[in-house]
Amino acid sequence: MKQGWLAGVAMGLVLAMGWSSAADAQGRTRVTVYTALENDQLQPFKQAIEADVPDVEISWVRDSTGVITSRFLAEKENPRADVVLGLAATSLLLFEKMNLLEEYKPAGADALKPAYRDTSGPYTWTGMDAFLAVVCFNTAEAAKEKVSAPTSWMDLTKPEFKGKIVMPHPASSGTGYLKVAAWLQIMGEQAGWAYMDKLHENIAVYTHSGSAPCVQAAKGERMVGIGFDMRGAREKTQGAPIDLILPKEGAGWDMEATAIVKGTKNLAAAKKVADWVATKKANELYGRYYALVAHPDVKSAPPNYPADAEAKMAKNDFGWMAENRERILAEWTKRYDSKAAPR
Amino acid sequence: MPNHAAMTSEAPRAPERSFLSIRSLTKSFGPFQALKSIDLEIGEGEFVCFLGPSGCGKTTLLRAIAGLDRQTGGSIMLRGKDVSNAPPSQRDFGIVFQSYALFPNLTVADNVGYGLVNQKKPRDMIIARVSELLALVGLPDQASKYPAQLSGGQQQRVALARALATSPGLLLLDEPLSALDARVRLRLREEIRALQRRLGVTTIMVTHDQEEALSMAERIVVMNHGVIEQVGTPEEVYARPATAFVADFVGRMTFLSGVMEGATLVRVGDQALRVAEAPGFSAGQKVELGLRPEAVRLVEGAGENRLSMRITELEYLGSFVRATLEGEGASPLTLLADLPFNVMQDRAYAPGQAVIAELPASALRIFSART
Amino acid sequence: MSANASFTRDREARVATLLLAGLAFLLVLLIAVPLWSLLSKSVQNSNGQFVGLANFARYISTPALVASLWNSIWVSSLVALIVVPLAFLYAYALTRSRMPGRGLFMAVAMTPLFAPSLLSAISLIYIFGNQGFLKSWLFGASIYGPVGIVLAEAVYCFPHALMIMVTALRLADGRLYEVAEALGTSKSRVFFTVTLPGARYGLISAIFVVFTLVITDFGIPKVIGGQFNVLATDAYKQIVGQQNFEMGAVVGLILLMPAIFAFFVDRQVQKKQVALLSARAVPYEPKPNGKRDFALLAFCLVIGGLLIGMLGMAIWASFIRYWPYNLTFTLNNYNFANFDPQGWGAYLTSLKMAGLTAIFGTTIVFFGAYLVEKTKPAPALRGFVHFLAMLPMAVPGLVLGLGYVFFVNAPWNPLGIFYGTLTVLVANTVAHFYTVAHITAVTQLKQIDAEFESVSASLKVPFWVTFRRVTVPISLPAVLDIAVYLFVNALTTVSAVIFLYGPGTKLASIAIVHMDEMGAVAAAAAMATCIVFTAMAVKLLHLALDRVVFARFQAWRKR
């Protein structure tokens, strides 16, 4: 009985190890990549990388920006990732500040638009594409209530939007913080807070996920979702009755970027992946999903994407965002989070 | 409590060869002392009952002997071997619980053979032994039933057979009959006693039922508050209780408070009563007199230890009638008297009737006053 | 006590002590060390320096966080007060009546277990959300907030409470009832003097289980909580939103308080609990009683209907093209490769993980509970093991999961080779769901005559033989319950494993969260539907097996 039990445990451990450590038969280097890319992008990206870098096998660990960032930091004593690819630049800046990234400048990096290159200190990260804060506006619900579409951030403080707006909670979601930081940069600190005081009156819920606002707007659960562009575009393509509005004051944005993890055991392979990220071919792939990509020669227009996005990009200082994050979140929490009453 | 020492001197049939020997055994549960320095000798083949009210420590003592609950101090010798720290499996005993503790998912045969299977005995030997045991306890044709299909008495017989299966040197019975109805209890009492005589297995039974102990045991160990009050044969314990507690617990006894007046004279209320002997008591000392109801005689005429009393109540108890008698005077005595049925019929006593009760000096037991 | 120390000849005691020590070591490894790895951060700053109680001071001075504490407490209490009486009555109907379809109702009541907790929240949004077809039933109140949390948590916790109540009520001594009936005791008096006291231990356990389940769950408040902050979402905000592990650890530590409290209450209750099922007890078999059975049937229909409705809503949603604007039927949502690179692979990984969790978890939990409950040596060790077993109930999955990351992935830890493998997922899942399984096992074992081990010792039969020959056969229904409970929870668990899965070991439940986040709610519902049907199939198998077990191997239960 006892012996059988122990044998069972031993057998189980062996089985579990066997399942998990299936080695790659073709002798390629398996590169573990942490990413926040969308689920449906993973397969095309994997195929493209493996086609262009034949001796590399991509092994994804994908989660939302917050989760993957937390996970990366939780593992910092003993990093498991070789490469971080398609994660918000704000997260990578955080990693860089903590000295967790390998210094490496991909071969084609100089050909990219300057904004997409690491300019401070040792070169660690390379931008891929940018995404913007947008207002997802449900036209079907608006028509029912005879509300006209907003064109500016200020419009969202009008009384007819009372209880009809959702945005991400800045303490829960990176894109939530992105919007708050953008308002403070566009309007200046004082006017920015004053604006948010008014906006707060109209907010129904601060969601925990950055994707949720546009999804909720798309499903008619809310009329207005302050989300980001590609999520909104995607919902619209699927048939949601929404318009994507870029407010005229300009919109906050972040970019997705790639970096090599310091201490990786597969440095050579990781460098090849990083090189691929900066190629024009890779940027053409980004262009299938994003309107704004790093390579100056790639022009893209994914379906249902708002026009002239590049022009609406607000001035955004990533360094300022990172430095002031704790202060801003504390202030935000003090002003808005203690009002727990649901609406 | 006086008179712990009395027990050894009072046991005339002291065991020739000590089978089980317990020395200074103590058991504490936190601050509570369940057993206070117990000394006890049990001879081979003896049938001993531990008798006492619940919480007196009798089950604790039994479990310590079994090794199921370890003692706090003292030693236990079995056949001259120190087993104080031996696990139950090395102590050679069989045990029967009030709850039977039969394995509900095993048949009667499997229950009885449970210990045999583990001894790696050949299969046919086990089968033979099991049917022998079932025949012994009078259940020869119940082998394939499950415990839940049997009556309580039958289940307890199975438990007994199981305990005896491995031919243990010591049989421990923990209130084995308490859960059974009276008729079954009486029958099983006799059966257990007969079985024990036949097998000659040393047996300790725990019970709170004095009648059970008196009718079954060769020797009774009366316990209270973690100490042994008396050890003796049923006759000794009944007729010569060592302490007021034993007198009160075993059988009925009427107690009368009094003060020593002379060497063998006790003043009780406004009466003086003669006792046969009062060793160790001196004049002026407060004492208690104990009297069994059946020792009281109703007589004619005055005399020593004869009191004028009145019958206040009659209780018919089958073969005898228990009369409550009340005395006269400022602080009247109350006595119980058991009157044989034939005496009752001859005299036709009735409540309210005046009688003279004799309290024979030889039947009056004297104890120091209880505080 | 010298008597114990010199007790060297007892092989059984040595084996039991050794096994207990092994179990304690395993549980320390599975539960205590990972927890410590995270919670020790509550007294550190972000650079790992010791800062004393500075983080706690910051917590207390933040009014929003303290408000969450209060919110968590009253919401959890309210859910316990709603769920436990309902579960008791439902369990009563299942075990103490001749109501038709008891097996079916049991299965129906288990449905919330078959899906990740957030499924009930998703369904509630479909039903009562701003586009929900029953929105008007809320009389203007919003489902986003405490109303939604309480409703969704009640659904989610119901089967957990029910399992405990059914186990507590299943083994009753029929003679007690016959005695009561013979005495002409009124039905209500029998209920209050026999039934209720017999289930008292289960009732108290159930209250604490529900309370701690609610207070530690973050899936539901995240989806439907709106602006209503609770501790679990605070922990999520600190850890996932701000990568502030230190404050997350503070919140995690506060979440542990109810468990520690529950542990001591449990100990007190246990002291008063006595064995209910001795060999001489006769299993209770309810007699038909038309009025009672009809009333209970009506009650079960309402509760069961609500539970099925929640599930049916999600299943229906999984076949809808674009809710609420395009309600045409489609099977596209089941083509998971369109939504998730692993496609159906995540589902298969989940099956493997759940199977291993059920096998190892049940073995360890039941044998462990036996050692704690039925062996004598090393009382301190047994108390310690019991404490460790009660601990995971209180630990939010997120906290436990992160603890595993810090512990297993530490550079010095040789167990690091398991990081991201199925082994860690299984270990974590067993640890995460240890408590309810342990309580089920202990409740079962308490109802077995305590003298069985004494009798075995007197017959020189070691306890492990009695465990195999008697305890396990008697307890098979409860053992199966535990296995199925672990299997189903392993299928649906999210929060603990979301940091732990590695390349190739992504689970279906995580795929659901990812798909829900990206807006593919229908695909998430579809994956959840697959999980639900798998779990249901397992449950049906369980019921069938139970019937076989009862009929063939447990003939002794019938008089």
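Modeller: Aromatic pairs to begin with. Rings of Phe, Tyr and Trp (its six-membered ring) pair if their centres lie within 6.5 Å; planes under 30 degrees apart count as stacked, over 60 as edge-to-face and the rest as tilted. This is a predicted model, where local features need pLDDT of at least 70, side-chain atom pairs count only at pLDDT 80 or more, and totals for chains, interfaces and linings use all residues. Side-chain values use heavy atoms, without hydrogens and water.

Biologist: Are C:Tyr90 and C:Phe158 buried or exposed?
Modeller: Both are buried. Buried means under 20% relative accessible area, exposed over 50%, partly exposed in between (1.4 Å probe, protein chains only).

Biologist: And why does the pair C:Trp344 and C:Tyr347 count as edge-to-face?
Modeller: Because the ring centres of C:Trp344 and C:Tyr347 are 5.6 Å apart and the planes are at 85°. C:Tyr347 is buried at 15% relative accessible area. C:Trp344 has 40%, so this residue is partly exposed. Both belong to one aromatic cluster, along with C:Phe319, C:Phe329, C:Tyr334 and C:Phe336.

Biologist: Which ring does the charged end of B:Arg292 sit over?
Modeller: That of B:Tyr238, 4.0 Å from the ring centre. The rule wants NZ of Lys or CZ of Arg within 6 Å of the ring centre and within 35 degrees of the ring normal. Another case involves chains A and C: the charged end of A:Arg71 sits over the ring of C:Tyr501, 5.3 Å from its centre.

Biologist: Let's switch to that interface. How many residues of chain A are in contact with chain C?
Modeller: 72, against 68 residues of chain C. Contact means heavy atoms within 4.5 Å. Chain A and chain C bury about 6,100 Å² between them, 58% of it on carbon and sulfur atoms. Buried area is the accessible area (1.4 Å probe) that two parts lose on being put together, summed over both. A:His208, A:Lys219 and A:Glu221 supply 12% of what chain A buries against chain C, more than any other three residues.

Biologist: How many salt bridges does the rule find across the interface of chain A and chain C?
Modeller: 0. That rule asks for a side-chain nitrogen of Lys or Arg within 4 Å of a carboxyl oxygen of Asp or Glu.

Biologist: New topic, backbone. What joins C:Trp323 and C:Pro324?
Modeller: A cis peptide bond, omega about 0°. C:Pro324 lies in the loop between β1 (320-322) and β2 (326-329) of chain C. Most residues other than glycine have a negative phi, and most peptide bonds are trans.

Biologist: Where is B:His225 found?
Modeller: In the loop between β9 (219-224) and β10 (227-232) of chain B. B:His225 has a positive phi of about 50° and is not a glycine. Its relative accessibility is 55%, so B:His225 counts as exposed.

Notes: Residues numbered from 1 in each chain as written. Chains lettered and ligands numbered in written order. Helix = DSSP H or I, 4+ residues; strand = E, 2+ residues; numbered from the N terminus.
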